[in-house]
Amino acid sequence: MNGALPKGRQLFQKIRGDFIGLNTQYRVVSGETSTRVYLDSTATTLMMKVAHDVMEDFYKHYANTHSVLHFGAKISTKEYAWAHRRILAFMKADPEVYTCFFTGSGTTAGMNRLARVLRDIRPDKNVAVVSIMEHHSNDLPHRKHMKEVDHIPLNSRDGKLGCVCLESLEKTLQKKEGRVNYVAMTGVSNVTGIVNPINEAAEVAHRYGALFIVDGAQLAAHVPVTMSVPDNPEQNIDALVFSGHKTYVPGSPGAVIVRKDLMEQIEPEEVGGGMVEDVFVDRYVVKEAFPDREEAGTPNIPGAVGLAAAVDVLDRISMELLRDEETQLINSALDQLMKIEDVVIYGETDTELCDRVASISFNITGLDHGLVAAALNDYFNVAVRNDCFCAHPYVKEMIMDDLLDYVELVDMEDIEQVYQLKRGMVRASFALYSTEEDVAALILAVKDIASRKDYYQSQYGVDSGENYVHKSFCFDHTQMFSVEDSISVLVS
Ligand SMILES: Cc1ncc(COP(=O)(O)O)c(C=O)c1O
């Protein structure tokens, strides 16, 4: 039966259940132990077992790179180089034009790096434009490193709710008259999962002499990306950054894919071993070759190899297939959530009008998001995230928008007060291992919580850290796992 399926789909079905952590069990309030439903993939994805196994195989040969002399060093050097090439191919970035290098801490490190480089190579253009939708990691680096940051607003309330307004982008670029260094935009919102049309937005930015850089943290694992568009180079993405830990390989580095001609205009931001040709007491000569010149010090070699292995698997399945599968799952979750009384979903829910993947954020009216997330975990073993997801301006806009729709408040102070009460959302997020069964578990739980608000409210208190704590149920994490216990077992 399986043999009749196309290869990509066969692989999808094989890989889907093979992620570390899918079978993890915890005991819940009822005293029963059940399998966790992991709906927190936007924060970090579970680890693909294939990538884990590739890394384990690689450890047998692991040595430092930058040498091809002894056998292990040769394997490490060659496979680390392959990892760079593989990621360029995954992003459909022409290797003649782009380089890929790995950074320390996910997307955040790469975004800070790019902001500093672009500021320094184009000092006369001192404005960065971002959208109001951005994660702080694609906002604060530009505020810190650039002279001025403009935030593009969301579409009008009658339009695509929660989407970035591309007309406003164009107007901002016109208004700034050639002073915009770059536009930095997320590919996918980490709050609503709304997908931005990055290639179209790049064309707009390029029309006004601005570069276009993409925060790919939520894009890489969910949507096919084309950085080099041969038919229309105006739509090329100049740089893109993404996080390994959101692409099925925890512990792997962040990756930057960027035009080489931009990076070669100045000395690399970071200096040290590995990026120099020669060093004298009074001077040093930086390597010309990419990516070496951008990777000072010993990189996270196994992490990079693991990440490249994961994206290789994604490509073997096909990113188009994965995006379609996820759209179906999101549609199903949206449809079912919308039918539950008192559930408010943020962002346009018509995915024909507005592409969505990965995340759905919502509230249950009358209940704090912290309480809902705690009850989902403690009673139903459904792991979600709550609060503002490091995207405070966007969350605030979306909540305000909702309040203006549903609450007859005219006094700004009243609005602020209600807003403070509701500040935050619950986010359920999905990845390639998420299934209809996971959605069903979420829906069952949300229905129950929404229909028995008083009961759930009576079960919780709030601690000094403003966390909802169950009055009688206690989860002692050390009974499940502690590093010290794990060591003791391994060395006994
Ligand atoms: C859209 C977006 N950008 C940037 C980041 C920051 O990623 P990292 O923590 O890997 O640096 C995140 C993390 O949640 C994100 O969702």
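This is a predicted model: local features need pLDDT of at least 70, side-chain atom pairs count only at pLDDT 80 or more; totals for chains, interfaces and linings use all residues.
Reader: Why are helices H1 and H9 called oblique to each other?

Author: Helix H1 (residues 7–16) and helix H9 (residues 301–317) pack at an angle of about 135°, with their axes 7 Å apart. Angles over 145 degrees count as roughly antiparallel and 65 to 115 as roughly perpendicular, the rest being oblique. H1 and H9 are therefore oblique.

Reader: Which residues of H1 and H9 meet?

Author: Gly8, Leu11, Phe12 and Ile15 in H1 meet Val313, Arg316 and Ile317 in H9. By class, the residues of this contact are five nonpolar, one polar and one charged. Gly counts as polar and Arg as charged.

Reader: What makes up the shell around the ligand?

Author: The ligand is surrounded by 15 residues, the closest being Gly106, Thr108, Asn190, Ala217 and Ser243. The shell divides into one nonpolar, 13 polar and one charged residue. Its largest share, three residues, comes from helix H4 (residues 106–121).

Reader: Why is one side of strand E15 and of strand E18 left without a neighbour in the sheet?

Author: The open sheet has four strands in the order E15-E16-E19-E18, with antiparallel pairing. Strand E15 (343–345) and strand E18 (385–387) stand at the edges with a single partner strand each, so one side of each has no neighbour in the sheet. From one strand to the next, the twist averages 30°.

Reader: How do you know that strands E16 and E19 pair?

Author: Pairing requires at least two bridges. Four bridges join strand E16 (residues 359–364) to strand E19 (residues 425–429), and the two run antiparallel. Ser359 has Ser429 in E19 as its bridge partner.

Terms used
Residues are numbered from 1 along each chain as its sequence is written. Axes are lines fitted to C-alpha atoms, for helices over the stretch in contact, and angles run from 0 to 180 degrees between N-to-C directions. Angles under 35 degrees count as roughly parallel, over 145 as roughly antiparallel, 65 to 115 as roughly perpendicular and the rest as oblique. Two residues are in contact if their C-beta atoms, placed from the backbone, lie within 7 Å. A residue is near a molecule or strand if its C-beta atom, placed from the backbone, lies within 6 Å of it.
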